[in-house]
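Morning, everyone. Please have the sequence and the model open while I talk.

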Amino acid sequence: MFYPQSMTETELIVPEKDLLAVTRVLAGQGVFHQTDASYLSSEMAIASVDSWQGKATAYAALERRVLAAMQALDVEEGPPLAAERASMIEVEVVRPLVEQIEQEVQKASEQLASEQKQLEQLQSYVHQLEPLAGIALDVGALRQPRYLFSMLGLIPVANVERLQMSLARIPSVLLTLRQDSRKAVVWLVGTQRNADILKRGARSAYLNPLNLPDAYQGTPSEIIESLQTGIERAQQHVAEQKATMTGLHEARKEQLQMLLWRVRVSRMLADVITRFGRLRYTCLIVGWVPSSGVADLTQQLTQASPGILIETTPSKRGGIKQNVPVALHNPGILHAFQLLVTTYARPRYEEVDPTLLIMLTFPLLFGAMFGDVGHGLVLVLLGGLVASRKVRALRGLASLGMIIVACGLVATLFGFLYGSIFGLENVLPALWLRPMDNIMQILMVAIGAGVVLLSLGFLLGMLNAWRARDWGRLLFDHNGFAGFVLYWSLIGLAAGAFVVGFPVRPLVFVVPAVVASLAVMFSEALTHLIAGHRPLVEGGLGTYAIGTIFELFETLISFLSNSLSYVRVGAFAVAHGGLSAVVFILAQMVSPTRGIGYWIVVALGNLFIIGFEGLIVGIQTMRLEYYEFFSKFFAGGGMRYQPIRLSPTAKE
């Protein structure tokens, strides 16, 4: 259990002459989360702010142009510049070189595109003529007849009869010259008077006409031979242009990479400077730094600018500050589970970071619902493969790999506890119980586990309220101390009513339940009372009284639904065993003698369980974490810590 990294608010007053040096230090250290202070600029400095905004825009345009040239030449971005080499370059210095490279790339690209277009056109002509190669017909004779309309082309076989019927009343002839199972080569002839009608009929029947330039004369086979010669020439020209592009790639690769990072660094520095507050001779810089990095950053800034003024204010977690950025640094496997937390919300600065909790509880809940030695080991292998990034199609899911591995390991553990391997219940001894044979017991254990997790959520919620010095939420909220007392009082009353021989009298739980209920009902007024806020009640007393009753009713319903939601842990454990049993029943029906068909069904059934049920169980586990557990202590809504850096880093 961790809190987000402690942050210190940092304000700098920098002489104008040291502006770039200080900016380079801030970006080079990679720990300074900048806050926009440009609104603090004096009227006299507005022109300077506008000037830097113009520079940032110009650098961004240059960066796009360099990237376009690199994409055309298939040049990778390459490694970023070292921090000590990163400096701002003037736009007018680099622009002529960018324009020169652009012209070279554009000329070569246009020539290559032109040659490729010509090649594709020739190949298209050959494709059209190949079905007609065996027909002794002069194609030139079909061009622009004076009195006859003529169309030669390909048509789906199924549409030939339909075209004939649609043109039955139009003076025309449709000849099928050649035909295979799918396409037919047809020749449609009619009068020029009916040319428009014949064209519409041909289009409706998907007749693809043969379109060749006038330069191609003779029979289809003769034209194909001429086209093949042209294709060979075009392929040679394309190869020459590709060689030219390759030469440009080699000649300009390092230069483009250097240009990209020089321009990118300049753009980034200009963007940072536009958010400074500008006074007459100084600049005001405001931001946040992790407390552990303040001393080193202060030393670097003092060396870069002896006249700098630095004021630091450590941020306390008491009192909610929504503008404090939240830095989460969870190493190793914790980082994978951190993604589950941030998918829900980013913790506030005063809140517990639940990454460690979800790393422990998520695989536990999943494994309890999906307990099987064989299925768990398959998930371990699958998760390892996903995390390795060796399969290109699965690289987008790499962040989930370690989560799948952890869930698979716990599922394997529960498989031993349940005595189940690939759905077989008679191979391994159950170290604890078999869900199918002990349904009520596992359901009650699931509810008990849910009560423990919800109680932990109450305690964490109270801890967060105490850290934030929010005494009203701590004492009277339905997720605070009053809600915790009410929840356990109701559990005690339920145990006294349904458990035979329960040692505690119900009256012991009635008094705290009533007191806690009143505290939850009037939490708003009580919070206002201890905070010194007046009036205690907003609006009319009647409306407030009705609202408190509904609030208490909603609280009681949420307690019940949250607790019973954990029944699904036991229910899915039972369902997992039941679904595995169904697979073996189907396999027995397919092959009573347990032949090859039997084992094929078993294999396919197990794959279905691992894929489909594994996905469903994962969704249900996430729901229990987000809507039952997190709702007790985790509000989220924190600001992401995004320090300015000269080089990109992995995302949180």
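I'll start with Phe 509, which sits in helix H15, residues 507-521. Keep in mind that this is a predicted model. Is Phe 509 buried or exposed? Its relative accessibility is 16%, and the limit for buried is under 20%, so Phe 509 counts as buried.

What does Phe 509 touch, once we leave aside its neighbours within four places in sequence? The contacts are Trp 488, Ser 489, Gly 492, Leu 493, Phe 502 and Val 504. For a sense of distance, take Pro 592: from Phe 509 to Pro 592 is 83 residues in sequence, and the C-alpha atoms are 59 Å apart in space.

Next, the surface. There is a nonpolar patch of about 590 Å², made by Trp 466, Trp 471, Leu 475, Phe 481, Leu 529 and Ile 530. Which helices supply at least two residues each to the patch? Those are H13, residues 471-476, and H16, residues 523-531. Ile 530 is in helix H16. With a relative accessibility of 44%, Ile 530 falls between the limits of 20% and 50%, so the label for Ile 530 is partly exposed.

Four strands make an open sheet, ordered E4-E5-E3-E6, with antiparallel pairing. The edges are strand E4, residues 172-179, and strand E6, residues 208-209; each has a single partner strand, so one side of each has no neighbour in the sheet.

Going through the pairs, E4 and E5 run antiparallel and are joined by seven bridges.

Helix H4, residues 157-166, lies across E3, E4 and strand E5, residues 183-191, and runs at about 145° to E3. Helix H5, residues 195-204, packs on the sheet too, where it touches E3, E4 and E5. The direction of H5 makes about 5° with that of E3.

That is what I have. Questions are welcome.

Key. Residues are numbered from 1 along each chain as its sequence is written. This is a predicted model: local features need pLDDT of at least 70, side-chain atom pairs count only at pLDDT 80 or more; totals for chains, interfaces and linings use all residues. Side-chain values use heavy atoms; hydrogens and water are left out. Patches are made of residues with over 30% relative accessible area and no salt bridge: like charges are joined within 9 Å, nonpolar side chains (Val, Leu, Ile, Met, Phe, Trp, Tyr) within 5 Å. Accessible areas come from the Shrake-Rupley method with a 1.4 Å probe; for residues, only the protein chains shown count as cover. A salt bridge is a side-chain nitrogen of Lys or Arg within 4 Å of a carboxyl oxygen of Asp or Glu. Buried means under 20% relative accessible area, exposed over 50%, partly exposed in between (1.4 Å probe, protein chains only). Two strands pair if DSSP finds at least two bridges between them. Contact means heavy atoms within 4.5 Å. Axes are lines fitted to C-alpha atoms, for helices over the stretch in contact, and angles run from 0 to 180 degrees between N-to-C directions.
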